[in-house]
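Here are a few exercises to work through with the model open. Try each task before you read its solution.

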Amino acid sequence: MPQPSASFSATLRVRLQDRPGAFAAVAQAIGGCGGSLDAIDLVRVLPGHKLRDITVLATDAEHVERITEAVAAVPGVTVERVSDRTFLLHLGGKIEVRSRVAIKTRDDLSMVYTPGVGRVTQAIARDSEAAWTLTSKGNSVAIVTDGSAVLGLGNTGPLSALPVMEGKAVLFRELAGINAWPLCLATTDPERIVQVVAAIAPSFGGINLEDIAAPRCFTVEQRLRELLPIPVFHDDQHGTATVVLAALLNALRVAGKRLEDVRIVIAGVGAAGTATARMLRAAGARQIIGCDPHGALHRGRTDLDEAGRALAEWTNPDQLTGATDAVLRGADVFVGLSAPGAASIAGVRTMQPGSIVFVLANPVPEIWPEELEGVAGIIATGGSDYPNQINNALAFPGVFRGALDCRATAISEGMQLAAARALAGTVPEAELAVDLVVPSIFNREVVGAVSRAVIEAAVAEGLGRATEAS
């Protein structure tokens, strides 16, 4: 079962009778429901009563309701208001535009805008490269989605995708100092998406594609890479693959195994699963088996789409057949990029001793980590409530920081491999352990290490210019 977390937290304003044991009864009610008491604040002392704000952590929205009902049922307690902390944080949105210059005088205005800005415009018209230094282009990324594959929620549409894209923009800014702009498009037609992004591309130094469903995402990314002279990076594919590879490299060090020797089963062969398989192969993995809801991909399957057939051509060298649990027998690594129940604890039990199990489906993993304790050797998840969180935010800020700083024209497989190895290297060898194979998202060394590796790889491949950092 999931653990209570801040993502499902609420602040209850309660009126309690001012008598001994009143609050203890409230705390007991919260604990009795499986809630976690997070903070207690005294709001006001009234005649015969106290007004308190009590913050609780829960496992889901329904759990918050059960906790509230339990508190309200305590004699002498009135729940006056319940505030969802996550919704409060989103009020008014999470991002805004701020000016980098002040306009206090006529001179300021004449330089920031007309007539002075005209000279800057002419300079860029003469030399388009000047836009990288004379505008915000060199530090700006467009976050583009059609809302067709939002988180683990599916096709919720472009408007409902906006808070997710705003969150992504916050991470770009906070972790890498990059200005990122959410662009939620009201179309799922690949060609229209390509046309729109190509049309707005001059304002940006890079394009981050996000939450676009497969197989459409493959087409959109490929077309834009062909059309645009700036990096185009589908984070659901390549960001995930980069962090998975980094975590796996370190997990294998802890387990005393080599990437080229292990058998890897990937549940989920959409955007993230396919890109992860390709990245692992590029890094040296030889035995990769992809699985969809119908079982292992192999060349004899007649029900695969074009992307599935292409993947089946170079994976599963022994042509194993059967459900995911069946091909887990004797495997060393399981990477879940699918949905709850894609594999079972019984299947994991048949893996090699010291198995490495990444259950990355969000918000509910393929198998709850608590069930894997004592069964798998190393466990990683996609959630922040457990050790070894495999989070795209460990990759994309540094990847784009490096790409922008060297004015890269693309983000290649070699740059992604360099990013993964640099990311893995931010965990010192002496600190590697079963519960530490990937750094924390709050590790401030990550972006610098990844960006430097990306710059070095880009310059070596002729995709970027040398910088002082390289």
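Contact here means heavy atoms within 4.5 Å. This is a predicted model, where local features need pLDDT of at least 70, side-chain atom pairs count only at pLDDT 80 or more, and totals for chains, interfaces and linings use all residues. Residues are numbered from 1 along each chain as its sequence is written, and side-chain values use heavy atoms, with hydrogens and water left out.

**Exercise 1.** Work out how α11 and α17 are oriented to each other, and which residues meet.

Step 1: helices (H or I, at least four residues) are DSSP runs, numbered from the N terminus. Axes are lines fitted to C-alpha atoms over the stretch in contact, with angles from 0 to 180 degrees between N-to-C directions.

Step 2: the axes of α11 (residues 271-283) and α17 (residues 413-425) come within 11 Å and cross at roughly 80°.

Step 3: angles of 65 to 115 degrees count as roughly perpendicular, so α11 and α17 are roughly perpendicular to each other.

Step 4: on the α11 side you'll find Arg278, Met279, Ala282 and Ala283, meeting Glu413, Gln416, Leu417 and Arg421 of α17. Sorted by class, that contact has 4 nonpolar, 1 polar and 3 charged residues.

**Exercise 2.** Find where confidence is lowest and where it is highest in the protein chain.

Step 1: pLDDT is the predictor's confidence in each residue, from 0 to 100. The chain averages 93, and 99% of the residues score at least 70.

Step 2: helix α3 (residues 85-90) is lowest, at a mean of 89, while strand β5 (residues 140-145) is highest, at 98.

Methods
Helix = DSSP H or I, 4+ residues; strand = E, 2+ residues; numbered from the N terminus. Parallel < 35°, antiparallel > 145°, perpendicular 65-115°, else oblique. Nonpolar A, V, L, I, M, F, W, Y, C, P; charged D, E, K, R; others polar.
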